[in-house]
Amino acid sequence: MLRSLLFLPGNNPNMLINAGTLGADAVIFDLEDAVSPDEKDAARILVRNTMKYMNLEACEVIVRINSVDTSFWMEDINALLPYKPLVFLLPKTNCKDDVLKVCGYLSECEKKLEAEEGTAFVMPLIETAQGVENAFDIASCSKRIKALFLGAEDLTADLGSKRTKDGREIEYARSRLVVAARAAGVDVFDTPFTDVNDDEGILDDALLAKNLGFSGKASISPRHVSAINRVFSPSSEEIEYAYEVMMAIKEAKEQGKGAIALRGKMIDAPIVQRAEKTIAMAKALGIRGDENE
Amino acid sequence: MDIIKSATAGTMESSDAYVEIEPGNGKNEISVESVVWMQFGEKIRTAVEEVLNELEVENAKVRVVDRGALECVIRARVETAVLRGKGEK
């Protein structure tokens, strides 16, 4: 379960070697924007050695490779595919052809490595106007796709809009990506909140993302990780209510009742689904066991 | 693999290592400067030798300035320097 995804610069040993201690559910080793063109080779080797030698069991590892319009992305995959990152994050994904190009290359590499085909996954990073408009096509074009990821900094540059703290300029993109991802049956992750010193702002921004339907949120600072984890974890009230829902459903079935109400509201299928999801999350996070079952 | 030109990799920042490589005088010569030389100097030297052997480098001068880097970081920086300084036989 991924709530927080923390970007770490791919050529910074001090950050990379501490990846497993920063509290994030996943770290994103960044070979793209955080690395200058003349250091791409060094970062690729450093990230590979980090994945090869360091104990990173405390978190999942995602690698942001370079975009398909550069000469670097295939070398990134060649170097890192053997070390099985959770997914490859594909920057500047504009259309499904960008994804299919990478997926085709992954298939070639898997054959060479004699690995099972289709076991490497990708997460398109949507950060252009074209990408937003093609979001569902992108999300549904391959079984390798695990999630969509919104990148607001590049997107607002592409839109010609000013990036603000309240994020009104990306409301449409956020909603569009959530709908596209959910329609395709994949997860969706929100863009980082970039003011690393604003501890209240990150809470508000993460809560907004959660309420819109995002699965989790990215961060560029370890300082934001705990806030994101807290917001994207079910609250004790939500867990309590979820168990009440499941208990009410159980009792209704035993009594042969059709429609039931809880706290003055009808309990229908979507509410039950949400309760099941909340309980599953709580168990996965070790927040609450099955003592109420 | 032949080293045909001078090359560097890494930085002098904490937890990193700075590596210089250049064509040698008939064999590999390795020098290591490290704030933890007393404890880890020989281990660092061995790691550098292993990377050179893996990459079949037999004639290079290598200088490593260690700033408290883990072995996997030193190995990465040496490999990068070699690949930057290499030429095909």
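Colleague: Before we look at any pair, what counts as a salt bridge here?

Modeller: A side-chain nitrogen of Lys or Arg has to lie within 4 Å of a carboxyl oxygen of Asp or Glu. Keep in mind that this is a predicted model.

Colleague: Are Arg75(B) and Glu54(B) buried or exposed?

Modeller: Arg75(B) is buried at 9% relative accessible area, whereas Glu54(B) is exposed at 59%. Through shared partners, salt bridges join Lys43(B), Glu50(B), Glu54(B), Glu71(B) and Arg75(B) into one network.

Colleague: How many salt bridges does the rule find over all chains?

Modeller: The count comes to 30. One of them pairs Arg174(A) with Asp190(A), whose closest N and O atoms are 2.9 Å apart. Arg174(A) is in helix H8 (residues 171-184) of chain A and Asp190(A) in strand S7 (residues 187-190) of chain A, so this bridge ties together parts 16 residues apart in sequence. Arg174(A) is buried, at 1% relative accessible area, and Asp190(A) is buried too, at 0%.

Colleague: Now the interface. How is its size usually expressed?

Modeller: Often as the accessible area lost when the parts come together. In this model, chain B and chain A bury about 1,200 Å² between them, with carbon and sulfur atoms giving 57% of that area. Cys72(B), Arg77(B) and Arg84(B) supply 38% of what chain B buries against chain A, more than any other three residues. In terms of contacts, 13 residues of chain B touch 14 residues of chain A.

Colleague: And which polar features cross from chain B to chain A?

Modeller: The rule gives 3 salt bridges across the interface, and 7 residue pairs are in polar contact there. On the chain B side, the touching residues comprise 5 nonpolar, 3 polar and 5 charged. Arg48(A) and Glu79(B) form a salt bridge, with N to O at 2.6 Å. Asn49(A), in helix H2 of chain A, has a side chain that reaches the backbone oxygen of Cys72(B) at 2.9 Å. Asn49(A) is buried at 2% relative accessible area, and its contacts beyond four places in sequence are Met54(A), Cys72(B), Arg75(B) and Ala76(B).

Colleague: How should I read the buried residues of a helix?

Modeller: Start from the geometry: an α-helix has 3.6 residues a turn, so residues three or four places apart point the same way. For helix H3 (residues 73-80) of chain A, the buried residues are Trp73(A), Asp76(A), Ile77(A), Ala79(A) and Leu80(A). They span an arc of only 165 degrees around the axis, which places them on the same side of H3(A). Those residues pack against helix H2 (40-53), strand S3 (60-64), strand S4 (87-90) and helix H4 (96-112) of chain A.

Note on methods:
Residues numbered from 1 in each chain as written. Chains lettered and ligands numbered in written order. Predicted model: local features only at pLDDT ≥ 70, side-chain atom pairs only at ≥ 80, totals over all residues. Heavy atoms only, no water. Contact = heavy atoms within 4.5 Å. Buried area = accessible area lost by both parts, 1.4 Å probe. Polar contact = N/O pair within 3.5 Å; in protein donor to acceptor, adjacent residues only side chain to side chain. Nonpolar A, V, L, I, M, F, W, Y, C, P; charged D, E, K, R; others polar. Buried < 20%, exposed > 50% of the residue type's maximum accessible area, 1.4 Å probe, protein only. Helix = DSSP H or I, 4+ residues; strand = E, 2+ residues; numbered from the N terminus. Arc of directions from axis to C-beta.
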